[in-house]
Every structure is written in C-alpha cells, then in structure tokens.
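Have the viewer open while you read.

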Amino acid sequence: MESIFRYRNPDTAGASGGPLQGVNIAIQPNVSVEGWPTDAGSKALVNFTALEDATIIRRLREAGTAVCGSTRMSEFGFGLDGSRAGEALKENAADVEMVLDLMGESRLAASRASVCGFKPSYGLVSSLGLIGLIPSMECWGLLSADIDRIRRVLDTISGPDPLDFSLPDEPAPDFSARGIKPENTSIGVISEAVSGLSSDSKNAFQASVDELKQAGFSVRELSLPDMALFSLVHNIVGSVEASSCAGRYDSVRYGRRAPGARNWNEMYLLSRGAAFGTLVKSYLFQGAYFQFERYAAYEDACRIRARLVADMRKLFDKADFLIFPAAVGGRFGQAASLAATYEQFAATLFANVTGQPALYLPPAPGSKAAGFQLAGPRRSDARVLALGEYLLNLRQEGNV
Amino acid sequence: MEFEAVIGLEIHVELNCATKLFCDCPNRPGDEPNLNTCPTCLWYPGAVPRLSRDALEKASLLCLGLGAELQPVSAFDQKVYYYPDLPKGFQLSQAHCPLSRGGGIDIMDETGKPKRLRIHHIHMEEDVARLVHEMEGRLPISLVDFNRAGAPLVEIVTEPDFRSPHDAMEFLKALRTQVRYVGSSECSMENGTMRVDANISIRPRGTDQMNTKVEVKNMNSIRHVGDAIAFEIGRQSAAVKAGEAVVLHTRLWDPDKKATFMMRAKFEGPCVPDPKVPVIELTAEYIEAMRSRLPEMPAARAERFIAQHGLTGEEAVFLSSDPEVAVYFEALIAEGVAPRTAMHWLTTQLIPAIRERGQKPGDTPVTPARFAGLLKMMSKDEINANAAREVMAHLFESDESPEAIVAARGFAQVSDSAELDSLIDKVLEDQPDAVAKVRAGQNKALGFLMGQVMQASGGKANPKIVRELLAKKLGTN
Ligand SMILES: [Zn+2]
C-alpha cells in the first residue's frame with residue numbers, strides 16, 4: 001500500500017532542551033518548509049518547493065519538536081478525498097498531526113482515527129507559509145490522542161507574528177489549563193443542529209449529552225434558526241475566495257505546462273485545466289460563476305455570514321460552551337461531488353464560517369455514545385481544550 | 001452637428017518609496033532583472049503581503065496634496081485577470097474602498113477662465129511584472145522581470161470634467177507639480193513613473209448625454225496625451241458623422257503614426273476583498289499628522305511670492321512650480337539677496353546651469369549661501385555681471401567661496417577712477433573715428449567705445465563708472 005507520507009524528513013532533530021522535546025509531529029505538504037516538496041496535494045504545484053519556512057515550522061523546531069514528514073492530503077486540503085490524515089497517529093508514526101481545516105477536515109479526520117481533533121480560533125496562528133484555498137475559512141487543526149499535547153503545540157505556534165500582518169492585533173492567548181467545575185458550567189445544545197440527524201445518530205448524540213449531564217454540567221436547549229444557512233454561506237463565500245485566490249496556482253511557473261498550445265493564453269487554459277482535480281475544479285467554476293455572474297449573491301452571503309457570527313456569539317450569553325454532533329450524513333471515500341462533500345461536512349463547517357474554536361472528542365471505547373464537538377466563542381481555545389481534557393479524565397477515572 | 005468631447009483620466013503614479021508595496025524588496029525596477037524579489041513579490045504560494053507604512057504615508061500625502069479626503073476605512077481587493085505579467089492571476093487594488101475620495105485641480109481653460117477638474121477617487125495598487133520579448137534563435141520568447149512586481153502605485157481617477165486636450169495637459173502638468181511638491185513621486189511620463197489612460201466619448205454640444213467611451217493608452221509624454229485625445233475626438237466625430245456606432249474598447253496611441261489603434265480587450269470582472277490583507281483604518285490623529293507634513297502647495301506659494309516678494313504672476317508660478325527651485329529662491333532671500341535679483345539670476349543663469357550639469361537645485365554644490373555671496377558682491381559693485389557669470393561657473397567646479405574665487409582669479413571690478421582714466425584715455429587715443437562720431441551725436445559709437453574700454457580692462461571695469469567717465473571726457477551729458 002502507498003505510504004501515508006508524502007515526504008519523510010531524513011533529519012528530524014529539533015532544538016534540544018525545548019519544551020516540546022521528543023514530540024513527533026506530522027504536517028501536510030501545504031505547510032511551507034524550505035526545500036520540502038510543498039504541492040498541497042495538487043498537480044498544479046507539482047515540483048513546487050517552498051523558498052522559506054512557515055512561521056509555525058520555525059516555532060516548532062525551536063521548541064524541540066521533530067517534524068517527521070508530511071502526510072498525503074486531498075487537493076488543497078479541501079475535503080478528505082485522498083487524505084491520509086490521522087493515520088500517522090494510528091500507526092504511532094507521530095504524536096501530533098497538523099491538518100488544514102477548511103470545513104472540518106481536522107475534526108472529521110480525528111473522528112476517522114478515533115483521536116481528538118482541534119480547530120483553533122481563526123487568527124490565532126500565523127498563516128505565513130500556508131498554501132491554502134479559502135483564506136477566510138481555513139486554519140491548521142491539530143490531531144492527537146492527548147489533549148495536553150494539542151495544547152502545548154498550539155501554545156508554541158500561536159500568537160502574534162511580525163511577518164503576518166493578517167493576524168488580528170491581539171495578545172498571545174494564555175493556555176495555562178483552567179479548572180472546569182461542572183456545577184457552574186453550562187453547555188448548550190442547538191436544536192436545529194440536531195434535528196437533521198437520523199434516529200440512530202440522534203440516539204448516539206443524546207447519549208453524549210447524557211454523559212455531560214451525568215458529569216454534573218447543566219445542559220440547555222438553545223435555538224439558532226438559521227443553522228441551515230452555514231452550509232450555503234460557506235459554499236458561496238468559500239468558492240468565490242477559492243476561485244479568486246487560486247489564480248496563483250497557475251501550473252505554469254510550477255506544476256506542468258500542458259503541451260500543444262498555440263499561444264500563451266491557450267497554454268494557461270490547458271495547463272490549469274489539466275492540473276486541477278474534478279472536485280476543486282467544480283469548486284473554482286462555481287466560485288467564478290458567483291463572482292462574475294452573481295456578485296450580489298456573494299455580497300448577500302457575506303452579509304449573512306456576519307449575521308451568523310453575531311447570532312452564534314449571542315448563544316454564549318446563555319451557555320459557556322456548545323455541543324455539536326460530529327457528522328450528519330455521508331460516508332468517507334465517496335465524496336467526489338461538491339454536494340456530497342458539503343453534506344459530509346455539514347456538522348463541522350459552522351466553526352469555519354464563524355472562526356470559533358471547535359474540538360472533536362471521540363467516544364469512550366465501548367460506549368454507545370457518538371463522538372461530538374465542543375465549541376466556545378472566539379479565543380476561548382484554552383477553555384474548550386480544558387473542558388475536553390476534563391471529560392477525558394472523567395472517562396479514565398471510570399466516572400462516566 | 002457640432003460635437004463636444006467628454007474626457008476622464010486614469011493616472012497611475014509610481015510612488016518613490018525605497019521598498020515595494022507589500023514587501024521589503026528595493027523598489028528599483030531598473031536593476032538587473034529579477035534581482036529585487038522575494039516570495040511575496042514573486043507571488044509565491046504561502047507568501048503573505050505586508051503593507052508598507054512608507055507607501056501608505058506617501059500615498060496619503062499625495063491624496064492630501066490633491067485636496068482629496070482620506071477615508072477612515074480602505075481595503076485591498078483581488079482584481080482578477082490573467083496575463084503573463086501577473087502570474088498570480090489577480091492584482092491587489094483598492095476597488096471597493098479607495099484610500100481617498102474627492103479632490104481636484106484648478107486650471108485655466110483655453111479662454112483663460114478658471115476651471116476646476118474634479119477627482120473621483122484615488123486608490124493604491126501593486127504594479128505588475130515587466131515582460132521582455134526576445135528571440136531565441138527563430139523562436140519568439142517572453143521573459144518576465146519581477147523587479148517591478150509589487151511596486152507601489154496609486155491610481156488617480158478623475159471625473160469626466162475634461163472637454164479638450166488642453167484641459168488634460170494642464171491638469172497633468174499641475175498634477176505633476178503638486179505630486180512632486182509633496183515628494184511622493186517624480187511623475188515622469190518619459191520614465192514611466194506616471195502613466196495616463198484617457199477615456200474619451202463625444203456627444204452633440206450642449207447635451208448632457210453620456211455616450212460609449214473609448215479608452216486610449218500608451219502615451220509617453222503629456223504632449224502625446226493631448227495629441228492622442230485630439231486624434232480620438234476627430235476619429236469618433238468622423239465615425240458618428242458617417243453613421244458608425246462607437247463601441248466600448250481600448251486603443252493604443254502610436255506616437256510615430258500619430259494615431260490610435262484598436263487593442264484586444266482585456267477581461268475584467270468584479271473584485272473580491274482579500275481576507276489576508278488587513279483593512280486600513282486611518283485615525284483622525286494619523287490624518288492630522290499627514291496634513292501637518294504637507295508642504296505649502298504651489299498655488300498658495302505662488303500667491304505668497306506675489307504678495308511678499310513683489311513678483312509678477314508669471315514669475316511666481318514659474319518659481320513655485322518646482323519645490324526645490326522655490327526653496328532655493330527663498331533661501332537666497334533669507335541670505336539677504338533682493339527678490340528681483342534672486343528671481344532674475346535664478347531663472348536666467350543658475351537653473352539652466354544646474355540642469356546643464358544634470359544636478360538639481362536641492363543637491364547642487366552651488367548652495368544658496370555660496371550663490372547669495374556672489375550676488376551680494378555684484379550688488380555691492382565688487383564685481384560686474386560679466387564677472388559674476390564666470391564666477392558662477394567656477395562655483396560649480398571648486399568648493400571655494402565666491403570671495404576667494406574673485407580674489408584668486410582677479411575678477412574684482414575696477415572702480416578706481418585713476419586706473420580707469422588712463423585706460424579710457426588710451427582707448428580714445430586709439431579710436432579717433434569713433435570719438436568723432438560720438439561728438440557728431442552718434443550714440444551707437446558711444447556703446448562701441450564702452451565695449452573697447454571693458455575689453456581693455458579684461459571685463460573687470462565697473463561699467464557705471466566707465467560710462468560716467470566717458471560722458472565727462474566726451475562732453476555728452
Ligand atoms: Zn519582495
């Protein structure tokens with residue numbers, strides 16, 4: 001079988017004595033590392049080698065991690081088709097995996113590997129060196145069986161970067177774990193997020209909610225009537241951004257130029273046509289359609305996005321955290337079409353639209369509960385991780 | 001039917017910043033190809049743009065210098081189009097929220113009446129790469145030079161207030177002066193630091209309809225802009241008279257054929273905001289700080305020169321059109337030179353001499369202090385005008401003071417009557433014919449005798465005293 005690695009680093013030594021000494025981390029080939037093949041899973045970038053290290057790579061090495069290689073990924077990380085994310089953990093080839101999360105990929109890959117998967121707040125981590133597709137939705141997610149490792153890696157890579165002006169002007173977050181007291185912690189369930197589940201899934205999700213109640217948390221039922229619009233907004237805004245930004249993946253300066261063109265224009269068209277896979281190509285076509293033929297719809301989607309962000313923020317007046325199911329429908333390996341891909345990520349993409357942190361927690365072994373997501377308001381990353389860790393500890397102590 | 005033209009301009013000005021717009025690479029497009037590049041300005045995957053503070057400030061000053069209103073919020077968008085000089089497929093430009101709105105320039109129209117030509121908005125954008133077309137054997141190839149990629153530009157978009165080539169040329173001259181004043185760009189069309197596109201349509205005179213416009217590009221001097229507009233007005237008028245429709249398209253000006261030619265249309269669509277380039281928020285304090293850095297602008301300065309130094313309107317406009325000349329002029333006055341002397345010697349002697357040597361008033365070794373020293377010696381009759389011109393030439397070649405040059409090279413004016421007396425007597429003796437003519441009332445001959453005396457003195461005689469002595473000796477007064 002084909003290796004799960006796209007590239008294996010022959011020299012994994014990080015700085016000695018750093019706080020992450022001995023932590024083995026696998027990345028994807030969408031993280032710029034000088035001299036590594038960084039094709040982001042696309043033929044459009046075949047033979048592209050980054051000229052400089054991403055800020056996170058510099059920080060990880062300084063902290064002493066061993067960056068052991070990059071795992072195979074879907075084209076530009078969009079969806080999980082062709083992705084081997086999570087497998088390096090399963091095979092003990094890495095302690096932590098970094099997986100780009102555009103619509104929930106890091107969290108669904110975690111669910112596939114039965115480990116924890118965390119998508120941090122948007123704007124927490126420098127994006128210098130990120131070879132992405134949907135700039136306003138995507139950020140690097142972290143997968144590990146151990147939440148403390150996720151926390152320590154995030155602590156290392158997050159915070160202001162003088163080389164990335166796109167980061168909001170905010171101080172580095174404080175990751176020292178905070179104590180979770182169930183008796184004064186409330187968790188909300190958005191009824192619209194559950195209503196679409198099959199009865200099996202609904203039962204499994206209910207078992208997870210019961211687990212929280214049993215642990216002493218107060219669980220509140222909340223409503224977000226426009227929940228169904230997250231997918232639409234992500235689809236329109238995401239595809240327009242992708243179509244516009246992906247211009248630089250021209251397959252001319254890197255990638256392969258298509259032969260047989262009569263002029264430069266034809267050469268560009270043929271090369272790009274040959275470079276992109278069906279899923280990305282249909283996404284770019286859709287984005288171009290909205291940009292050039294339905295621009296008003298794109299502007300509407302941006303406005304609705306702002307409203308959804310505000311609606312979501314208001315829910316945190318009523319609850320400290322939110323719990324979401326992890327998958328609504330669709331199965332892995334079958335998502336060739338855009339519609340099927342969006343269906344697969346229907347439960348996770350809310351956090352990409354709002355930029356809030358979301359943690360996937362796998363079910364306890366042998367439990368009839370399903371894996372689920374915990375989410376908090378933007379920049380509550382430390383608290384979301386603390387809650388996840390608290391729940392895992394409870395399981396370990398056999399209290400749940 | 002008589003037609004009138006409706007013209008608007010789009011002017012790209014390359015800011016004279018040390019670095020590019022979104023990275024720290026040197027902003028020197030003329031260097032060895034692809035020398036000044038990095039992942040950001042090569043537009044590589046993974047690179048992020050970092051807006052230059054210097055570029056923002058120079059652009060802000062330019063806007064304020066043109067009377068425009070800086071916007072509290074502006075933002076960069078991705079202007080999508082494909083061309084090999086833009087291999088990332090989009091240009092960062094402020095399409096939706098420009099840096100400034102409004103502003104304008106006052107000119108005199110053909111009849112001498114004042115006219116305001118309004119600016120719609122001014123936005124920042126990055127320049128594209130430069131294509132070099134060559135032959136590799138018999139195969140034509142195109143090479144891409146990224147030195148210019150990401151260079152800081154502003155685009156000034158005017159209202160369609162222009163009616164003639166005259167309007168456009170006057171606007172561009174005034175624009176160039178004002179932008180040089182604030183120090184944001186050289187604005188040279190010849191060097192490509194100012195590029196002008198003109199949108200031209202025609203309509204029956206007296207109506208206010210807006211007809212299909214044609215865009216004309218590729219003019220490389222202000223004169224050519226006028227020529228191209230004049231040609232295009234004629235071409236469109238003839239077409240409409242012949243019953244042909246004017247269609248929206250772009251034409252290139254050919255300066256050799258003095259005509260415009262159709263160019264293939266470039267695809268352009270709506271722009272999407274770039275999520276990775278932060279929105280620019282200008283605080284009231286920033287805008288105030290920029291405003292306080294604004295120098296006195298040429299129109300205000302010319303008015304002050306008239307009131308304060310008694311210059312004519314024409315003289316004041318000339319001296320204030322180049323900030324370095326204006327500063328030099330006032331430095332001379334501060335050194336104690338009379339305004340009229342300063343104006344006269346600057347415009348007729350020093351500025352041509354400086355230009356001849358490829359220098360600028362701000363960096364010439366003939367500093368205002370040295371030049372003022374020279375002019376003051378002249379007004380004190382220590383040297384005459386002839387000698388002053390020669391001393392000026394020496395000022396360019398050595399760093400000696402004018403006093404030292406005069407002393408060392410014997411330029412000092414001879415005002416000693418006894419010395420001049422004997423000189424004059426000798427000339428009168430040698431030129432009996434001229435003396436006879438003067439006595440017969442032919443004043444031309446007096447000038448000849450003056451010249452002979454000056455020559456005999458090696459140009460150093462004080463002409464005023466020579467004239468007096470001659471008159472006395474010949475009894476002509
Ligand atoms: Zn650069």
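Predicted model: local features only at pLDDT ≥ 70, side-chain atom pairs only at ≥ 80, totals over all residues.

**Notes on the sheet, the zinc site and one glycine**

1. Start with a strand pair in chain A: strand E2 (residues 24-27) and strand E3 (residues 66-71) run parallel and are joined by four bridges.

2. Zooming out, the chain A sheet is open, has eleven strands with mixed pairing, and reads E1-E3-E2-E4-E6-E5-E10-E11-E9-E7-E8. Strand E1 (5-8) and strand E8 (218-222) of chain A are its edges, each pairing on one side only. On average, neighbouring strands are turned by 25 degrees against each other, direction ignored.

3. Now the helices on that sheet. Helix H4 (residues 147-157) of chain A touches E2, E4, E5, E6 and E10, and its direction makes about 150 degrees with that of E6(A). Helix H13 (residues 381-396) of chain A touches E5, E7, E9, E10 and E11, at about 140 degrees to E11(A).

4. Over in chain B, the zinc ion is held by the SG atoms of Cys23(B), Cys25(B), Cys38(B) and Cys41(B), at 2.3 to 2.4 Å. The donors are spaced C-x1-C-x12-C-x2-C along the chain. The arrangement is tetrahedral because the four donor atoms subtend angles of 101 to 114 degrees. For reference, the ideal tetrahedral angle is 109.5 degrees. Both Cys23(B) and Cys25(B) are buried.

5. Last, Gly373(B), which sits in helix H9 (residues 368-379) of chain B. Is Gly373(B) buried or exposed? Its relative accessibility is 10%, so Gly373(B) counts as buried. Leaving out residues up to four places away in sequence, Gly373(B) touches Pro402(B) and Glu403(B).

Methods
Residues numbered from 1 in each chain as written. Chains lettered and ligands numbered in written order. Heavy atoms only, no water. Helix = DSSP H or I, 4+ residues; strand = E, 2+ residues; numbered from the N terminus. Buried < 20%, exposed > 50% of the residue type's maximum accessible area, 1.4 Å probe, protein only. Contact = heavy atoms within 4.5 Å. Donors = N, O, S within 2.8 Å, 3.2 Å for Na, K, Ca; no water. Tetrahedral: all angles 85-135°; square planar, octahedral: opposite > 155°, others 65-115°. Pairing = 2+ DSSP bridges. Axes fitted to C-alpha atoms, helices over the stretch in contact; angles between N-to-C directions.
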